[in-house]
Amino acid sequence: MNQITFGLKLVFLLALLSACTTPEESNQRRLPSDAEVEQYNASVAPEERIVCRTERQVTSNIPRRVCRYVRDVQETSSFHREQLRRVLR
Amino acid sequence: MFAAPIDSRYSRAYRVLGFTAVPAYQPILRKLLLVASLLPWSVSLLAEPPVELESEAWVNNFAQQRSEQLISEGSRLLQQGAYQAAVQQFSEAVQIAKINNGLQSRSQMLALALQIEAEIALDNWEAVDSQLAYFEWLNARIYGQNFDHYLDGAATQSRLLLAASADARNPVSARYLIAAKNLNWRTISSIEATLGSDSERLTPWLYNIVLVHFYQSALTRSRGLTSYNYKTDRAEIVAGWSLSRNESLRISHSIGKELLLRIQSILADDAEAAALLNLHLGDWEMLFARNSAALDYYIEAIDKLRSAGVDPNRIDAFFSQPTILPTGALITSLPEPGSVASTPLRFEAWSSNYLAAAVPSPLRQTPSISDAETGARVRFNLTPLSSNNSSRLILALNNMQFVDVNPNNERIRELIREEVGMLQFRPRFVNGTLASLDNVELEYLFSPEWNLTGLRESNNASRGEDNSSAADWENTRR
C-alpha cells in the first residue's frame, strides 16, 4: 500500500513539474543579458534602443525577463496618459 | 591727352633729322621715331634699382615648427590657468595641422584634445560638445587607416569625456559619463569586429566599463537619479522611461560582474590572471555590499593562486597591502616581492559628483586636475567583523588618528572622517582567513572643487564671515 501511495505521489510530482515547462518556454530564444543590451544600445540611435527588465505578468507570479524598444515604451506611456486624461475630463 | 607731347616729340625729331615737311611714309616713321624717343627712358627705367615693398612678417602656415610652438605655448598657458588664451593657441595649431597634413589628418588630434581640455576648464559646454563630436568623427576616419591609432584616439576621447563628467558645475555631467561608457562599448565592438571577441586587447576596455558602472552607481546612490542609459547621453531629453534606484544599482552590479567574468574567460589560459580576476570579482561584490559573495570570491582567488603555484607568503604579503576599491587598473599578475606599494597609501578624490572614487588613472596625467592640496594624513585600523554580525560591512574602520591636516581645522577633520569612512578597502587574509590591518596610513587629498569651497568655507567660518559658498566658489574658480 505504501509503495502505491509513494508511486502516486511520484507521478503527481512529475506531472506538477512537467506542467511548469510549456513548449513555448522550451523554444524561447535566450534574451540578451544586461551587458549585451548596453553594448547594443551604445551603437544605435536613441529611438532604436531597447530596455530589458524582469517583470511579473498579470497571469503569473513567476518573474520573466521582457525586452522592449524604448520608442514602444514611450508610445505606450503617452497612450496611457492620453487615455487617463480622456477619462478624467 | 598724349597726342600733343608725342607730336611735339615727332616735330623735334623731324627737325633734328633735317626734314621741313611731313613725308609720305609718315606712319612707319612715326612709329620708329616713337620707339627711338622712348628708348632712353625705358633703358633708364630698367636701370633703376627695384623698389622694395613694405616688409611684413608673413606666417608660414606650412611650417611644422609653428604648430609645435603653438601647442607648447598653449600647454604653458593651460598650466597657468589662462584657458581662453590657451584655446586660441590650440585652435590655431589645429588649423595649421589641417593645412599641413590634410583635413582628416591625425596630427590635429593632439592640439584638439588640449583645446577641449581648456574648453572644459572654461565650462564652455557647447564648444566641448561640438569639438568632441568632431574628434569622434576624425577618429572614425582613422579607423580604416590604422587600428592602433584609432584605439589611441578612443582612449583620449574617453579621458576627455570622463574629465567633463567630473566637473561639478557641469549641468549635465552624467551625460558625459554615459557618453564615455557608450564610447567604450563602441570601441569594444570595433575590437571584436577587427581582432575577434576573445582578443586580450578587449580587457582594459571591458574594465573601463566596469569602472564607469562604479561611478554610475556612486551617482545613483548620492542623487537617486536613474535612467541615464536611455535619457542623457544625447542633448535632448527623452521622456517615458525610468528605473528605480535599486534596479539601476542591480543592473550596474550585474553588468560589472558579467564583464569581469568575461575578462576571466579571455585570460583563462593564464592561471594567475584568472585567479586575480576572482579577486576583482570579490572587490566588485564588496563595492555593492554583497559581503558573503565577496568573501567566497576572495577565498577562491587565494585557492586558485595557491593551485597556480604562487608562494603563500607572497599571497599574504599582497593581501597585507591596504587597497582602496576599486583598483584603477586591472591586476593580472601579483607584484614582485620587492616592489612593495608606496607608503602611505594615497587617495586623490576625483570629484564631488562621484563620492569615494579616486581620480581615474588616465586623468592623473592631466596637470590641471591633479593639483589637489587640501587634505590630511590619517592612521587607522581595519578590523574584520565576525561573520554572524548583522552589519553590512565586513571591515570596521576604527581608531582614526590625524597625523597631519592641511589646513589644520576642525571642519577639515570632520570632512576627512566623513569621506574616509565612505571608502571601501580590500580585506586582509592571512593563511586564507580574515585578519585585521593595523596602523594603515592614508594620505587623503580632497577633489579640486573641495580645495576651493571646503577651504574657503572653513577659513570664513573661523573668521566669522557669512559668505555664500557658491559665490565663493565662482569667484575662486574664475
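Me: How much area is buried between chain A and chain B?
Reply: This is a predicted model, in which local features need pLDDT of at least 70 and side-chain atom pairs count only at pLDDT 80 or more, while totals for chains, interfaces and linings use all residues; side-chain values use heavy atoms, with hydrogens and water left out. Residues are numbered from 1 along each chain as its sequence is written, and chains are lettered from A and ligands numbered from 1 in the order in which they are written. Buried area is the accessible area (1.4 Å probe) that two parts lose on being put together, summed over both. Carbon and sulfur atoms give 50% of the total here, which is about 1900 Å².

Me: Which three residues supply more of the area that chain A buries against chain B than any other three?
Reply: Contact means heavy atoms within 4.5 Å, and here it takes 20 residues from chain A and 26 residues from chain B. On the chain A side, 31% of the buried area is supplied by A:Glu38, A:Gln39 and A:Arg53.

Me: Which residue forms a salt bridge with A:Glu38?
Reply: A salt bridge is a side-chain nitrogen of Lys or Arg within 4 Å of a carboxyl oxygen of Asp or Glu. The rule finds three across the interface of chain A and chain B. In the one with A:Glu38, the closest N and O atoms are 2.8 Å apart, and the partner is B:Lys181.

Me: Which element gives the largest share of the side of chain A that touches chain B?
Reply: Helices (H or I, at least four residues) and strands (E, at least two) are DSSP runs, numbered from the N terminus. Across this interface there are nine residue pairs in polar contact, both residues at pLDDT 80 or more; such a contact is a pair of N or O atoms within 3.5 Å, where within protein one must be able to donate a hydrogen and the other to accept it, and residues adjacent in sequence count only if both atoms are side-chain atoms. Helix H3 (34–43), strand S1 (50–56) and helix H4 (70–88) of chain A each give two or more residues to that side. The largest share, eight residues, comes from H3(A).

Me: The backbone oxygen of which residue lies 3.5 Å from a polar atom of the side chain of B:Gln424?
Reply: Let's look at chain B now. B:Gln424 sits in strand S6 (residues 424–425) of that chain. At 3.5 Å from a polar atom of its side chain lies the backbone oxygen of B:Met286.
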